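I set out to record what I looked up in this structure, entry by entry.

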Amino acid sequence: TVANLLFAGNMWASFLSHNEAIEATGAHVLPIAGNIAMADMISVIRAFKPTGAISIPSVILSIAEYVDKNNLTDITLKKIVTGGEHLFPEAKAYIKKVLKTEKFASTGYLSNDTGCIGFQCEVTDKAVHHIHEDYCIMEVVDPETNQPLPDGEEGKILVTNFSRYLMPLIRYDIGDMGRILTHKCSC
C-alpha cells in the first residue's frame with residue numbers, strides 16, 4: 001500500500017501520473033495528496049498503515065518532524081520514493097531514524113514539459129540518474145553560448161523529447177544545471 005503524497009490540483013500532473021504508475025505495479029494506492037493539513041495526512045496514514053509513500057522530500061521531512069514531535073512511534077514508512085527536490089543526506093538520515101525507512105528511491109529525473117529524462121538503477125544514489133536515451137536527448141551546454149560541454153563539466157541542461165509530435169520540444173531549457181558523469185555505472 002503506497003501513500004501518494006504528491007500535490008493534487010493546480011495543474012500539477014505528478015499526482016495523477018504517479019497514481020497510475022503505482023496502480024500499474026499492482027500496489028494499492030492511498031490518494032492522500034501532500035497539500036492537505038498535516039493532521040489529516042497523519043490520520044489517514046495511521047488508519048491505513050501504508051508500507052510506502054511517494055512525495056517531495058519536504059513533505060516527507062514534515063511528516064517525520066510531526067511524528068517525532070508528537071512521539072507517534074506507531075507510524076512507519078518502510079519505502080519512500082521522492083522527486084522534485086534534493087533529499088539531502090542529513091534529512092534522509094533523520095527520516096530513516098524517525099519513520100524507520102529501509103529503502104529510498106527516486107521518481108526519476110523529469111520535468112512537466114519534457115516528461116521523463118532519467119531514472120535510477122539499484123546502484124545509483126543521490127542526484128545521479130541514467131538518461132532515458134530511447135526517450136530523449138539530454139545535453140549539457142555552456143549557459144552563455146548554448147554550445148555542448150565535454151562530459152564531466154557542469155552546465156545548463158537542454159532536453160529534446162522524442163515523443164512530442166504536435167508540439168516538439170527541441171533543445172528545451174528546463175532550468176537545471178548538471179553534468180554527464182565520465183565513468184560508467186557498475187550496473
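**Entry 1: a term to settle.** I call a residue buried if its relative accessible area is under 20%, and exposed if that area is over 50%. I also note that the model I am reading is predicted.

**Entry 2: N4.** I located N4 in strand β1, which runs over residues 2-4. Is N4 buried or exposed? Its relative accessible area is 0%, and because this is under 20%, I count N4 as buried. I then looked up what surrounds N4. Leaving out residues up to four places away in sequence, I found that N4 touches F15, H18, N19, I22, V29, L30, P31, I32, A33 and I54. I also followed the side chain of N4 to the backbone nitrogen of L6, which it reaches at 3.1 Å.

**Entry 3: helix α2.** Which residues of α2 are buried? I listed M41, I42 and I45. These residues cover an arc of only 95° around the axis, so they lie on the same side of α2. On the other side of α2, I found A47 and F48 exposed. I asked next what covers the buried residues of α2, and the cover includes α3. Just after α2, I noted that K49 takes a positive phi of about 45°.

**Entry 4: the nonpolar cores.** I turned to the largest nonpolar core, which has 21 residues. Which of its residues touch the most other members? I wrote down L5, I63, V67 and L99. The elements that give this core two or more residues are α2 (38-48), α3 (57-69) and α4 (89-99). The largest share, five residues, comes from α3. Apart from this core I found another, of nine residues, including Y109, L149, I157 and V159.

**Entry 5: L99.** I looked up the contacts of L99 separately, again leaving out residues up to four places away in sequence. L99 touches I60, I63, A64, V67, I75, T76, L77 and I80. Two of these names, I63 and V67, I had already written down among the residues that touch the most other members of the largest nonpolar core.

**Entry 6: strands β9 and β10.** Why do I describe strand β9, residues 136-141, as largely enclosed by the rest of the structure? I do so because five of its six residues are buried. I then traced its pairing with strand β10, residues 155-161, which is antiparallel and runs over six bridges. As one example, I noted that C136 has N161 in β10 as its bridge partner.

Notes: Residues are numbered from 1 along each chain as its sequence is written. This is a predicted model: local features need pLDDT of at least 70, side-chain atom pairs count only at pLDDT 80 or more; totals for chains, interfaces and linings use all residues. Side-chain values use heavy atoms; hydrogens and water are left out. A nonpolar core is a set of buried Ala, Val, Leu, Ile, Met, Phe, Trp, Tyr and Cys residues joined through side-chain atoms within 4.5 Å. Buried means under 20% relative accessible area, exposed over 50%, partly exposed in between (1.4 Å probe, protein chains only). Helices (H or I, at least four residues) and strands (E, at least two) are DSSP runs, numbered from the N terminus. Contact means heavy atoms within 4.5 Å. A polar contact is a pair of N or O atoms within 3.5 Å; within protein, one must be able to donate a hydrogen and the other to accept it, and residues adjacent in sequence count only if both atoms are side-chain atoms. The arc is that of the directions from the helix axis to the C-beta atoms. Two strands pair if DSSP finds at least two bridges between them.
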